[in-house]
Each structure stands twice: as structure tokens, then as C-alpha cells.
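Subject: Structure handover

Hi,

Here is the structure I promised you. Please open it beside this email and follow along.

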2 protein chains.
Amino acid sequence: MRPVHYGLADIPADQATVRRSNLSLVLRHLREHGPQSRSAVAAATGLNKTTVTSLVGELRARGLIRENGPQHAGSVGRPGLALTLDGTRVGALGLEINVDYIAAFATDLGGRVLIDRRVGFDAMGCDPERSLDELATVAREALAELGLLGIHVAGITVAVPGLIDGANGVVHVAPNLGWYGVPVAERLSWDVAPTIPVTVVNDANLAALAEYTSGVAAGTTDLVYLTGEVGVGGGIIAGGRLLGGADGFAGEVGHVMVDSAGDKCGCGRTGCWETKVGLAALVRMVTPDHAYGVPDGIVRDPEERLAEIERRQADGDPQVAAALAEVGRWLGLGSATLVRLFNPRVIVVGGYFARLAEHLLPRAQAELTRLGVTGTVAHCTFVASDLGFGAASRGAAGVVVDRVLADPTAIEILPPEMSTLSGS
Amino acid sequence: MRPVHYGLADIPADQATVRRSNLSLVLRHLREHGPQSRSAVAAATGLNKTTVTSLVGELRARGLIRENGPQHAGSVGRPGLALTLDGTRVGALGLEINVDYIAAFATDLGGRVLIDRRVGFDAMGCDPERSLDELATVAREALAELGLLGIHVAGITVAVPGLIDGANGVVHVAPNLGWYGVPVAERLSWDVAPTIPVTVVNDANLAALAEYTSGVAAGTTDLVYLTGEVGVGGGIIAGGRLLGGADGFAGEVGHVMVDSAGDKCGCGRTGCWETKVGLAALVRMVTPDHAYGVPDGIVRDPEERLAEIERRQADGDPQVAAALAEVGRWLGLGSATLVRLFNPRVIVVGGYFARLAEHLLPRAQAELTRLGVTGTVAHCTFVASDLGFGAASRGAAGVVVDRVLADPTAIEILPPEMSTLSGS
């Protein structure tokens, strides 16, 4: 009988896994409890001192912890050296390419933000090759800056709005970028950083991770994140973990059927949620006689369009008020399905949903309540993200940090002049 | 920044947690690798020998492991005692109450099946008090049998088709039983087993766990289980874990809206999936002029009804063929939403879906393919469960076993005549 993971964490079983797990245990212990002696680490973790010494040697060599001189001179007995998480020498780079921008976000292991920027870029107007050139340029610049800061970059994660083969870093399909079978990881590795691991992850999944770690609903172990763009994506945190599914494709909320009598979607099917709550749908409702964004449903300049919608809403335009009410209603109706299936405590909305939150969320919340299942929906609340367009790249950097904490062997042994290897 | 659980397991941090985790580590190690000496356990786990000795003492006292005499007399040096998982003294009891039966399933920690039975019972025709009396009788009989076998019962889990407050073991609502706010755990504890922990869990969730551990798709880390009954429930295994949601209500697939122009559901809303694929819907389609099951949509005798449907299908009844095709189509259409959101590798169908699988699944699979998202649906397959009506009670017992493996301190110290406490 295979062990079932019912609420409690998996337990490692073979020796290499145990070593990695113990390295991680020591590193996380120092991160959560602050500087302390080897003896204190051994006592708290149940590991023997010889093992702790060996683990500490390896973590030092990988630039992840350092030892400070005895600081408590007044204490009884020979004071031990204090072990400290060294967050300053190892860093993580998150990148995002989306319809109209490329973003970069970098932190060190201690969480200090080193880079946080976004550059406008018309990915729709370029072929994938040209977009990858631009992404590579942004990556190269970021790595150069991190190099000047003396940061060893542990990994790069790229956020892309599409379905991704995580094992190979290939984007199967990113419809709003017009990408099909684009080998992002291989290209960045080859062109920019042959020695740095590059992974590619769905943008909404990464934004959900960022919300879970540092957004308005941080720490909420069951939450759904929705990206309000031309496309509508979803990222699911379930039991404190990102829900990936068998292929990493989970959370494809945009093409859930919500209206069997509805409009044809760009995907070829009928009544997809995206046709009701995507930005193109809103634009079509507020400017039905406007050629912009129609017939292909693609909106090129969301910021300008949103500013106009807000102006008209403030001026009391009844067409805009009706459109916002309709989008809010469908936002609630589609979310009812998500609540029944995922039972989240919070639905965090990003993108244009966040920008227009005050006009959309009260109606969405009312619809969710009207459709409620006893005891469930009553406890699920919509909230607007405050991470803005940086959510996905922030989540991308967070994935790299977490990978290092979970498996410190992911960091190479640093050159001897930077540290000394005392045991392994 | 809060650590993100991205694929790798959580790492414990405080001392009590570390102790529990280490007890679990030793227990699982012995379960997976078979009998071995303390030294071998220490070497493989990275724990020091003093710690291992202390852990072993506690596990022996709790009746979970035993020490066998030296077996390798020919080996060099003093042979150590071999530690062995003692699966025979501690057991788990799973119960299920459903519309037309009560089931009991018990195993010992080693997975040996001790009880597996189902008794017919018309829960619809009784008030909750009477149903709980019957459930208590079944539980008492099972405990008496286990007592005669010398089994210490580590816990009881009860499967109920409804929304359950897991913390208190209260059934909020089980519509097909007519239960609202029924304190199942308290009642069983009070009436049957004051010293045994009783938990209550949704039946579909437990059946999903049973499928994951011992069903046709065992070991598939991303799977969806669907119960085909009057009501349609769902249990989701995501990344090798049961998806619970914030309140344990996740997987309520039956009331996902699939047809905005559809029939009114018993829940008061319109177009729920249950109105398309529930057993009552099928019965209505094959016998539209039959008063049975209509107007309240409740079918009392599913086995007899299914036998009749199969007879008519075999006789080439076109009305039955059309109804099965229609249910198969809606099964596929609704599952497309589940595939987009959960990205499972397999959808396991139980209950009447399994009974009529050959007539339903080809059509459902075709519909899933027709609605497919590139690269996703192509890799998701329907399969019929072979666990029959025992799936939920089997899963219920599995939950108890897994809880013991994850936290051996859940087992009380057994009386001294049964073991000796050597350290703690």
C-alpha cells in the first residue's frame, strides 16, 4: 500500500534525500530562528553534532551560511561560533514576458529586492525570435548588475502566459503571445547563462505564489489568483502549495464554459469565461461601435483603455456602468465554480480586475453569495491584488529562492577565495 | 517572506515537531526497507544512535515496532537486533453511511484486511437519530471483532456524502441523507468508543484516497474521482495529496453549472452537472413516463433500476441507448472543466458510472477530446473504478493508517504487559 499524504509532509527515505533534507532543515532552521550555535542547531533538529558540522561545512562552501565570532563573551563556558543564514551572496532572478511588457525582479536569499523593473514591449507585434532577443537582453543586463553586486545567481525563472512543458522549459502554447512550441529555457541558457538553471512557469501560477508569500492575502493556504487581462488565467494555492496538475497546466480558468448559449471564444469553443470577463469583453461592451480591439478581440493598449473607462465611469456614463455590472456578475458566477471545486478562503484578483476593483468586486461578491453553497461561499472573499504587474516576476524569483532552501545542493560550491570548504 | 512549498516537502522546525517527524521517519523507513538494525537506521536517516534508541523505545511502547533476535549469526562482529514494523497489533476502522447502505472496513497497520462488509440500510427512510443508532451498532460490532483479534484500534474515520466540519466531526449538510448539522463524531465517541479518535470526512474524498492507494489508478499523483450516484461527488488527488480546500469542501463537482439553459436542480440553482449525469437524470431519461424517482428526483433502489437499464440496453432499446449517449456526452463535457482546472492524468469513475462504464466512457472520452486544450486533455483518460461500494470505507481506514505513520504519537502507550518502555 502506497503511503497517502494526508495533510502531513512527505518523509524522505534514501540517503541522498536525507542529506538534502538535512541541509534544508539546518538552513530553514537558521532562517526562521536566527543566528545560533552548532550545539543549539543539533539540539533543536535532533541531528548529531558530527552531522551538523558536516552540513554546516557544505552550506558554508555553497555560500549559504557564515559563522560569526563568539558574541556572548559573558556567558558561561567556551562560547560557540554563531551560525547565520548568509542571505547576501546568493540571489534569484525572475523574468516575465507578457503581451505588452517584459519584467525583471531579483532578490537575494534574505529577501532583499535587488532589481524590480518593467519595460514596455509589444510582444504581439513581434515574432517569437524577436521577443526572445528582447528577453535575453533584459536577462543579460540584470545578470550584469547582479554580478557587479557580487551576487551568485542560483537560478532564473521565466513567467509566460501559456501552457508550459516544465521539464524542458518549452512553451507549448501562449495564445496571446502567438507562441507555439517555443524553447525558452534552452534559448536563454544558450544565449545568456549556460551555467545557471533556467525554468519556465505559467505566469498566473507564479503570481499566485507571490500573492501567497507577499501579497494582500499572504499566508492564506487556500487561495485562487485570477489575472484580469485580455486572457484570464488562474493560479491555485491549495493547502499551502501551488496546484500544478499532472503537466503543470492546472488552473486554466479562462476556458471554463460558463454560458452554453454564449459567444464564440478565440479558442474555438463557446461560452468560455474569458469571453465574459476578459478585458476584450469589457472593451466591446463599453464601445460596441468602436473598431479597436474588434474583430480579433485583442486589445493593444490596456492602460489607456482602462483610463478612458474610468473617466467615463466617473462621468456617470450608463453604458460603462452597465458593462462593469455585467462583468462583475460574470466574475462572481464563474468564481462560484472555482469555490465549489477549490474551496478557497480568498480569491485575489490581479491585472485590470484589481485596477477596477471598486466597480467589479461588490457585484461579484454579491453573485457569489447568491449562488452560495451552505457554509462555503460565505467564507470566500474577493480581494484586489496590490502587487501590480510585478506579481509574476516576483513569484518567479521566489521559486528560485525556495528551491535553494529546499535543496541547498542546487547551489554550486563557490570558488575557494570566497569561502573555505570545511567538510562536506 | 514566508517559505513557499513548491514541489518539495515542508520541513519541521520546532522540537516537538522534529520528534514526531523523526518517529515517523524511522517508522516509514522500516515500512519501506524492511527489518534492519539500529545502526543501519541511524546511518540511513542521519540521526544519531542515541536518538534512534530513544525513538525505537517509544515506537515499541506504542506497539508499532518490535525487535527480533539476531538473525545473521554468521556475520562479523556482534549482530544487532533487527527492528521490524509491527503491523499486527494496531488497526484502523473505516465506516461509511450512504443513501442505501452502511459499510465497515478495517485493516491492521501492515495493510491486512480484517473486516470488509456492507449492510443494506435505507438512510433516506430514517431520521438521522435512527441512522446514527444503526451506524453505532455496526461500529460496536466491528470494534468487538477487532478486540477479539487483539487489535488496538488507532482511530475511526466515518465517510459521509456531504459537507463536513472536519475539526468537530459535524456533518453540515448531507442532502441525500437529509442531514443538517449532525454531530457524527461526538455521537460515536459518546456511544461507542470514548477513547478512540473519531473523524468524519466526505465520502468522495475518501474514495479518491482509496483509488490513489489501491485502485485501478493507484499511484497516479493527479487524479479526479467521481461518484456516480443520485448525487455526483468528487475527490481530487493533486500532487499526491487529497485536495481539501479551506474547509474540506473542495471537489463539490455535482453543482458546477454546465448548462445555463438547463433544468432546475434540487439545490435550487439551474443547470448543475448533477442534473445531467446523476442517476436520477438517467432514470428520468429512460423512463420519462414513470412516476418513480419523480418528482423529487430521488431514486430509492439503484441496483434494481440499473439492472433494468442494462437489460433494456442489451435488448437494443433505443431510448436507453440515447439516454446513455446523452449522459456520456455530459460526463465528458463537465469533465472538461475539471481537466482545465486540475489537469489530472486520470478520471476514475465509481458508483453507477463504473457499473455502466462500457456504455458511458467511450462517449465521455470522445467529448473530452473534442473539447480538448492542446496537450492537456489528450493525456487524461477515463477509467472505471473496481473498488465498488467499498472505496470510501477503505479510504477511511487508510486515513487512520496514514495518520499513525505520519504521527506515531497518535497511538497511546500500550499496557506494560504488551510491551516494555525502553526510553522515550
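How many residues does helix α3 of chain B have, and how far does it reach from its first C-alpha to its last? Helix α3 (residues 49-61) of chain B has 13 residues and reaches 18 Å. That is close to the 18 Å expected at 1.5 Å a residue (the expected span is 1.5 Å times one less than the number of residues). Helices (H or I, at least four residues) and strands (E, at least two) are DSSP runs, numbered from the N terminus.

Two ground rules. This is a predicted model, where local features need pLDDT of at least 70, side-chain atom pairs count only at pLDDT 80 or more, and totals for chains, interfaces and linings use all residues. Residues are numbered from 1 along each chain as its sequence is written, chains are lettered from A and ligands numbered from 1 in the order in which they are written, and side-chain values use heavy atoms, leaving out hydrogens and water.

Back to α3(B). Its buried residues include Val52(B), Leu55(B), Val56(B) and Leu59(B) (buried means under 20% relative accessible area, with a 1.4 Å probe and protein chains only). The buried residues pack against α1 (15-33), α2 (38-45), β1 (65-68) and β2 (82-85) of chain B.

Now the sheet in chain B. It is open, has five strands and runs β5-β4-β3-β6-β10, with mixed pairing. Strands pair if DSSP finds at least two bridges between them. β5 (113-120) and β10 (198-202) of chain B are the edge strands, so called because each pairs on one side only. β3 (90-97) and β6 (152-160) of chain B are parallel, over six bridges. There, Glu96(B) has Ala159(B) in β6(B) as its bridge partner. Helix α5 (184-191) of chain B packs on this sheet and touches β3, β6 and β10 of chain B (contact means heavy atoms within 4.5 Å).

Next, chain A. The axes of α2 (38-45) and α3 (49-61) of chain A come within 9 Å and cross at roughly 115° (axes are lines fitted to C-alpha atoms, for helices over the stretch in contact, and angles run from 0 to 180 degrees between N-to-C directions). Among the residues that meet are Val41(A) in α2(A) and Val52(A) in α3(A).

Chain A also has an open sheet of three strands, β7-β8-β9, with antiparallel pairing. The edges are β7 (163-165) and β9 (179-183) of chain A. β7(A) pairs with β8 (170-174) of chain A over three bridges. Ile164(A) has Val171(A) as its bridge partner in β8(A).

Best wishes

Conventions: Buried < 20%, exposed > 50% of the residue type's maximum accessible area, 1.4 Å probe, protein only.
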